[in-house]
Amino acid sequence: MTSPRLMMDSHAGQPLSSSDPIRARIVREATYLMLVIVVPFIYRYADLGVTHMVVVLTTASSFAVFNLWLLKRKTHPLVPGYIACTLLYGMLVASNLSSGGFGEPNFAFLYVVPLAGAILVNSRTAGYLTALVILTTIVFWSFPSFGIELVNYVPDDERPLQNLLFRIAAITAIGFLTC
């Protein structure tokens, strides 16, 4: 198994192609966007008392800052692209585990992950992420048949605003990734 450090070093010595500075800029901007979108959710979850989501999103934000540092170091942009996709997927799965899962509107935000993979990394990654999101969808869908009921930590009266915020975040992410 190759360590992440070796992966970074193996890319670092390769000459950058003409598209790599463009990809690095896109990954950088997507990472900044992720940080901008996550901050209101950190405050929102803190306000709702959902501390584990505050921890998840704060940790993901720390990794996003690390990602920006990697880009500043002129690390090959594929590595930060993979990190950004992993962070996005991880945050969304954690969020869905905390908000009721498959039947909730924010579950659809997971469908942004393959699009992010295509734009931030490459089409092969988008294919793998598509398979991962399909598998994740089937797993979440099958939870009730195995007797697993996910608790929605967002109070009933707060869900309409939460759903609106998730939809705005998803539309913003799609809009950014496709511009």
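1. In which hand, left-handed or right-handed, does α2 pass α3? The crossing is left-handed, a term used if the near helix is turned anticlockwise from the far one by less than a right angle. This is a predicted model, in which local features need pLDDT of at least 70 and side-chain atom pairs count only at pLDDT 80 or more, while totals for chains, interfaces and linings use all residues. Residues are numbered from 1 along each chain as its sequence is written, and side-chain values use heavy atoms, with hydrogens and water left out.

2. The axes of α2 (residues 20-48) and α3 (residues 51-72) come within 9 Å and cross at roughly 160°, so the two helices are roughly antiparallel (over 145 degrees).

3. Helix α4 (residues 78-98) has 21 residues and spans 30 Å from its first C-alpha to its last, close to the 30 Å expected at 1.5 Å a residue. After α4 comes G100, with a positive phi near 100°.

4. V133 lies in helix α6 (residues 123-142) and, with a relative accessibility of 4%, counts as buried. Leaving aside neighbours within four places in sequence, V133 is in contact with L110, Y111, V113 and P114; the C-alpha atoms of V133 and P114, 19 residues apart along the chain, are separated by 7.7 Å.

Note on methods. Helix = DSSP H or I, 4+ residues; strand = E, 2+ residues; numbered from the N terminus. Buried < 20%, exposed > 50% of the residue type's maximum accessible area, 1.4 Å probe, protein only. Contact = heavy atoms within 4.5 Å. Expected span 1.5 Å × (residues − 1). Axes fitted to C-alpha atoms, helices over the stretch in contact; angles between N-to-C directions. Parallel < 35°, antiparallel > 145°, perpendicular 65-115°, else oblique.
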